[in-house]
Every structure is written in structure tokens, then in C-alpha cells.
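This report sets out computed features of a predicted model, from charged pairs to the ligand site and the backbone.

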Amino acid sequence: MRLRYPCVEIDINKIRKNTRYLVDYCGNKGIEVMGITKGVCALTEVVNAMVEGGIKKLGDSRLQNIAVLRESGFMGLIYLIRIPMLSEIRDLVNLADGSFNSEVDAVKMLSQEASTIGKVHKVILMVDVGDLREGIMPEDVLNVVGQIINLPGIVLEGLGTNVGCYGGVLASYENTKILVDLAVEIEDRYGIKLKTLSGGNTAALTLLEKSELASGINQFRIGEGIILGTDATNFRKVPGTCQNTMKLKTEAIEVKVKPSYPIGEIGRDAFGNIPMHKDEGPIKRAIVALGKQDCRIEGLTPVDKSMKILGASSDHLLINVTKCPIKVGDIIEFDMTYGAMLSLMTSKYVNKIVID
Ligand SMILES: *Cc1c(COP(=O)(O)O)cnc(C)c1O
């Protein structure tokens, strides 16, 4: 069975260029870029484009993706960037070179598993500087370091932090400075050198542009900025990168003029919501073969600006095409946000096509 639509068409040449641009831009300011591959489920062609663009370290939040990265033949270091489940630590030590952590119990287990197989696993401790997702609260960091510093089988490579993704907190001089100050304290207290201060994700690029990054930060973990050239947290395009790296193509399975207001008593839709419809009289409606099972629909924008998305159910996406010469069988294209891309790349019902 070889179904062609829906498909995501990925222009890996643009992704290669975005990578090259961001690796150079950050590199010139003393920041190494860890390429984050979760957004494309570690799709090999995209990963290769990142590597050709100059990425030397890769990170992903899922061990399944890290297994794919290993099989791609990548020779550099690979990190798990989501703090690990205790139940995955044995596999983690086998598959990855390092990981981001915030729990002493997890680091102790990493130590044990790594020692058993004669490996040294790199640990970056996550510090919560205010976004309130993962991380050790700053006042507890010195104590945690004391508990793990002498464990065998691990090395404390550095500190990391993440903002923007949950609490929506913006990266700032103040919150990156917390990391740098803690590193200095740790180095003084324990007489060690921390190699890596991983200061943020795509959203932290604004700090470099405004020269507001605390000096001492030497790594960013970048996914969205490379893959889509966008920065969802700051709601902007990343300067110097190309957008439109990916396009969603769907096929119209019904095109008919129908009323814009449903006929009959209105209950709830398939997802339990009460639908709101505006009566605009008869409109030409297209259904394309794609639905909420495949995609976070709110993140789609029709390339043809005269089309308007009306809504979706599990398998049907409805579009007002009154102003377009669309007929059944035609292909309708969409741009996507990071959220829509995540869902599309993860759906097995959506083809991924790479163009170069
Ligand atoms: C997803 C993720 C990133 C990458 O974020 P982008 O916004 O895609 O650059 C970095 N760090 C962590 C911990 C993440 O989970």
C-alpha cells in the first residue's frame, strides 16, 4: 500500500542552511549548538542535514529517537534532554553519552549502571530558574552537587536550564546569570571545572541578538529555530533563517456548496465541545483527508490566503473554499507551527517526503 497524501514535504536544503547559519552565529559568540531532533522524531535525512550544517552534538527527549540517532551512524555525542525515567536508565546508559538530570536518585542509578558496564556517563544538572518545569531550585543546587560529585561512572559536565516551554517565562540576563553564578560557586566549593553551561533553547537566541546573555553560558539546545526558523515563545521568525522548510499537502475528498449553519439541534462535537457556527449563508466547503488524529489543527494555515479552516473531526478537516477554484482530488497546502509539526511528524498516517 503506497498512500501519498497527506504528506509533509521537508526541504532539507533549507534546514541545512538554517543549521549552518545558527551554528556560525552562535559559534562566533562562543556558544556551541546542540541540535535537538525530537521535533522531527529524529528523521535521518533531517539529522544528516543538521550534521552537514555543522552540528557536533545531538539531543533528543526520547530514547526511541536516540536509538535511531545511533543507527544513523552519527559519531558525535548524544544526550537525553528530558530528565530520565528511572525505568529507562539502563537503556539510557547504553544508548546515550549523557543526560540532563534533576533527581539525585536518577543520578545514583546512572552511576551504578554506568559503572557496571565500565562507561562514564555525562551528567548536566538542570536548574529551575523560574519556568517551573524541570530542574533543581537554585538554593538546592550546591547540596545536590555534593551528593553526586564523588559517584563513580558519572562526570558532572555542567548545568543547564530551560525557560519558555511551560511557564512561558522569557529568557533573560537575570535567569541565565543564575546559572553562571551557581557554576562559579560549585567550582569554588568543590574544586572542579564545569565544562558546559547550557543556557536555553531557540527562545534564548534573542539574548545573543541583544547582547543580554550572561557571560559564561556556552551552549544552546536548538530545535525549532533550525527546523522551522521560528520561535514560538517569542512569537517571531528567527532572524537570518528561512521559514517554509515544511509544507503539509492534503487531498480534497469532498467539495460542495452547503449552508454555513448546521441543520438540526446542536449537541456536542466528537471531542465534547459545543460547536459555534456563524451563519454566512451557503458557502463552498472542501473536506480534506486529515484530522485531529493526525494533527494539532490550530497550528495549520492554508498557503492560499483566501481559504479559511472551519474546523475538524478525527479524520476530516473542513475548509471554506468559496473564493477558490478547488475541486475534488485537488491538493490543498498548509504552513504549520511547531505544535502542528510535532503531531504531523509523529502520525504514522502522514507521509514524510524529503526534497533537497
Ligand atoms: C525541546 C527542548 C529543547 C529545544 O527547544 P526548541 O524550542 O525546539 O529549540 C531544548 N531543551 C529541552 C530540555 C527541550 O525539551
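E254 is partly exposed, at a relative accessible area of 23%; here buried means under 20%, exposed over 50% and partly exposed in between, with a 1.4 Å probe and protein chains only. This residue is bridged to K258, with the closest N and O atoms 2.8 Å apart, and K258 is likewise partly exposed at 33%. A salt bridge is taken as a side-chain nitrogen of Lys or Arg within 4 Å of a carboxyl oxygen of Asp or Glu. By this rule the structure has 19 salt bridges. Shared partners join E9, K249 and E333 into one network of such bridges.

The model is predicted: local features require pLDDT of at least 70 and side-chain atom pairs count only at pLDDT 80 or more, whereas totals for chains, interfaces and linings use all residues. Residues are numbered from 1 along each chain as its sequence is written, and side-chain values use heavy atoms, with hydrogens and water left out.

| Salt bridge | Closest N to O distance |
|---|---|
| K57 with E32 | 2.9 Å |
| K258 with E254 | 2.8 Å |

The bridge between K57 and E32, with its N and O atoms 2.9 Å apart, links distant parts of the chain: K57 is in strand β3 (residues 57–60) and E32 in strand β2, 25 residues apart. Helices (H or I, at least four residues) and strands (E, at least two) are DSSP runs numbered from the N terminus. K57 is buried at 12% relative accessibility, while E32 is partly exposed at 30%. K249 counts as buried at 16%, and E333 as partly exposed at 26%.

The ligand is surrounded by 13 residues, the closest being K38, T202, R221, G223 and E224; a residue belongs to this group if one of its heavy atoms lies within 4 Å of the molecule. A polar side-chain atom of R221 is 2.8 Å from a ligand nitrogen, and one of R133 is 3.5 Å from a ligand oxygen. E224 contributes a backbone N or O atom, 2.8 Å from an oxygen atom of the ligand. The protein covers 93% of the 390 Å² of accessible area that the ligand has on its own, as computed by the Shrake-Rupley method with a 1.4 Å probe.

Two aromatic pairs are present. In one of them, the ring centres of Y21 and Y25 are 5.9 Å apart and the planes are at 15°, so the pair is stacked. Rings of Phe, Tyr and Trp (its six-membered ring) pair if their centres lie within 6.5 Å, and planes under 30 degrees apart count as stacked, over 60 as edge-to-face and the rest as tilted. Y21 and Y25 are four residues apart in helix α1 (residues 12–27), which separates them by about one helical turn.

Several backbone features remain. The peptide bond from Y5 to P6 is cis, with omega near -5°, and P6 lies in the segment before β1 (7–11). A42 has a positive phi near 60° and is buried at 1% relative accessible area, in the loop between β2 (32–36) and α2 (44–52). F235 has a positive phi near 50° but is exposed at 78%.

Terms used
Polar contact = N/O pair within 3.5 Å; in protein donor to acceptor, adjacent residues only side chain to side chain.
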